[in-house]
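Subject: Structure handover and notes

Dear colleague,

Please read them with the model open beside you.

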Amino acid sequence: MPVDVIMPQMGESIFEGTITKWLKKPGEHVERDEPLFEISTDKVDAEIPAPAAGVLKEIKVNEGQTVPIQTIVAVIDAEGGAASAPAPAKPSAAAQPAPPAAAAPTPAPVEAPLHFEPPARAAAPPPAPVPPVPAPTAAAPAPPAARTDGEKVRSSPLVRRMAREHGMDLAQVPGTGAGGRVSKRDMLAAIEHGLPAAAPTAAAPASAPSISSTASPAAAQVPPPASGTLYRPALELGVPRERIYFGRYEVQPMSTMRQKIAEHMLASKHVSPHVYSVEEADVSGIVALRNKIKSEFERKYDIKLSYMPFFVRAAIEGLRAFPTMNASLDGTNVVYHKEFNIGMAVALDWGLLVPVIKNAEEKNFLGLQRAINDLADRARTKKLKPEEVAESTFAITNPGVFGGLMGLPVINQPNVGILGLGAVQKRPVVVDDAIAIRSMVYLTLSYDHRVVDGAIAHQFLHKVKSVLEDWTENIL
Amino acid sequence: MALVTLLEAIRQALFEEMQRDPAVVCIGEDIGVYGGAFKVTAGLLERFGWERVIDTPISETAIIGAACGMSYLGLRPVCELQFVDFIACCFNQLTNFVAKSYYLWGAPVPMVVRAPSGGGVHGGPFHSQNPEMYFAHTPGLKIVYPSTAYDAKGLMKSAIRDNNPVLFFEHKFLYRRIKDEIPAGDYTVPLGKAALRREGRDVSIVTYAAMTHNCMDAAAELAKEGIEAEVLDLRTIMPLDKEAILASVKKTNRLLVVHEDTKFGGIAGEIAAVVFEEAFDDLDAPVRRVTALDTPVPYSPPLEERFLPQVEDVVRAARELARY
């Protein structure tokens, strides 16, 4: 029995997603909830699990293509169905309840939708054991398909009128407008050329090919703009294109995440007048403390002890003392956040994410360490939910992990400040008129001068420094 | 034919109409000896004398009240407000008396209220506004807002000859920047008729006044990308040329309305409603608006630039519509 695989909605305001990778090939067997493909949306990258076990029959949307949510991206020939029978063309799985599993005591048909679980949510840990009634979820019906009836096809009043006048079925017309919408252009093409037998859902090429230059200096031709990528007006600004291409080069399309980062960074620099302050803290005490109790901490809690929770705690104390740093700007209103949600920059091989430790002020030291490790791990394994990268009130970034002495970060909007941590490094410093060797770290703060003045910023940094230098919290 | 500025075109219209019809008189602050804040009326006093070119005290209320009275006695007064922003002072007279006079008492008020308007000249919140919609909302008033020198002259003549009260907005940014070849001799441009400034098949841009020029620049940019935008210059806000708007929408199926007025309650919303009511089945995309921000006009030049719709804003919106 064929089961449609759809592009899930990965967050409230998300309307489309890009398939970045298929993890299975047509003909391969897939288990229910086994990762089937990777997507990239406005908010996160994620692995999408298969909605049913069976054989991946057909991939309808290729890697690199962006499609609206609820678009059918693949079909799985689910186990238990008549695998050899040709798939019924029209009535969608969603329109009817899935056939009950062999042992199922005839569930009322209306119940079927109740068992429907959107694949988006299935990205979370596997569903809890289902209550008494053996649910017919093995072949859970996919949500309403985009193109199984005319109502679901995105079009326009004009397109619907044209369809009426020409007696055409809109579901059969391939849409090339925004989000696969059927536009006037598509209708004119369909009227002129007749309807194609099997309509592709989007016109974008399978994947944007990379372009390489020849070594010839004469190749001064500017290549055509990248195709198949998302449309990002903010990124259109830049130097004249002809100044970019010369000599030998290779062109690679940006990933969706890369485009998003570029867009966000550009917007942040555009909207926030950044000012930078630098402070240094003597963390010899913390280094000694960590060295002393690190193994006990690990034994007791089964988790590694890092420096990060110390800095997060220090930042929270700083934010408590200077609420102006824990704010956002809305026009002429300053929004003072009452929670302390600390965004934490996590470097990935393929980009950067800022997962958020929600209500960090309510966590004890162990809780902070757990949250930090959990978010970082799941960022690296693409298991974050959209809400876990949203609603930060302040952010911390750590160029020190790569040995950077200090960095001047770009503010993570809509925050008004971001704390940069340099590498912890032994340095000669003057202590009581003597030169001593101490473990030092540079703390940098980028802040939005529309909201935060230097006086507040430096006092905030000083507070962070003093919490680090005079550490009192019991961490075991 | 000579190249004439928009400002000079209006002066020509006033001069020729005063010459043609002795009932036409001008009244306003400093329009006589000084020649007007922007020098539109320079030379009229010398030619027509103080009885027909009347300097008033600094009271917009006095100007409109006097002109209304003159109208009742058979004259055709042309009032000048130094800046249209101060038209708020005579709101009651214009909306309650001038606009309703003929309806209530059968007494026509064939007056014209001329007023420099619009932004882009760093005039700040009291000298840059576009208050046309306060008056478009009041039945009984006609509202003209030209974008070219040729139209300014022809529309001014039509306004003076019209038996209804006409508010004539003169965009001060265009006063000396826009020059047209103007034919010698008498001609008029009818009220209530839009002008098709550029033909296109992909998206209709409906606009008026200074934004017409931004939209023309935008259309030229769009053409480089292969998007053919049609640009319709309304010229008259009231009566609105629905026929021309609907014809263009039926052709391109996509509508962008651009104006320098603020967004909320601007004519763009009204035009969108007309199109939804009368051409819904012709729309292939939602109607979009590019307008000034819903704030007072900022004083600071960079802020004002952000406040006013720019060519690139129009290009972006039209491009998105064309790709919708």
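Two residues are taken to be in contact if their C-beta atoms, placed from the backbone, lie within 7 Å. On that basis, among contacts in chain A between residues at least 6 apart in sequence, 66% join residues at least 24 apart.

Please keep in mind that this is a predicted model, in which local features need pLDDT of at least 70 and side-chain atom pairs count only at pLDDT 80 or more, while totals for chains, interfaces and linings use all residues. Residues are numbered from 1 along each chain as its sequence is written, and chains are lettered from A and ligands numbered from 1 in the order in which they are written.

Chain A has 9 helices and 21 strands (DSSP runs numbered from the N terminus, H or I of at least four residues for helices and E of at least two for strands). Buried residues make up 35% of its 476 residues, where buried means that 20 or more other C-beta atoms lie within 10 Å of a residue's own, exposed means 12 or fewer, and partly exposed is in between, with C-beta atoms placed from the backbone.

Helix 6 of chain A (residues 284–301) reaches 24 Å from its first C-alpha to its last, close to the 26 Å expected (1.5 Å times one less than its number of residues). The same helix 6 of chain A has a kink of about 50° centred on I293(A), the bend being the angle between axes fitted to the seven residues ending there and the seven starting there. Just after helix 6 of chain A comes D302(A), with a positive phi of about 60°; D302(A) counts as exposed because it has 7 C-beta neighbours inside 10 Å.

In chain B, strand 7 (residues 166–171) has 6 of its 6 residues buried, with V166(B), F168(B) and E170(B) on one side and L167(B), F169(B) and H171(B) on the other. Strand 7 of chain B runs parallel to strand 5 (residues 112–117) of chain B, joined by 6 bridges, and R114(B) stands opposite F168(B); strands count as paired if DSSP finds at least two bridges between them. Strand 6 (residues 142–144) of chain B is also parallel to strand 7 of chain B, with 3 bridges.

Finally, a cis peptide bond joins Q413(A) and P414(A), with omega about 5°, and another joins M238(B) to P239(B), with omega near 0°.

Best wishes
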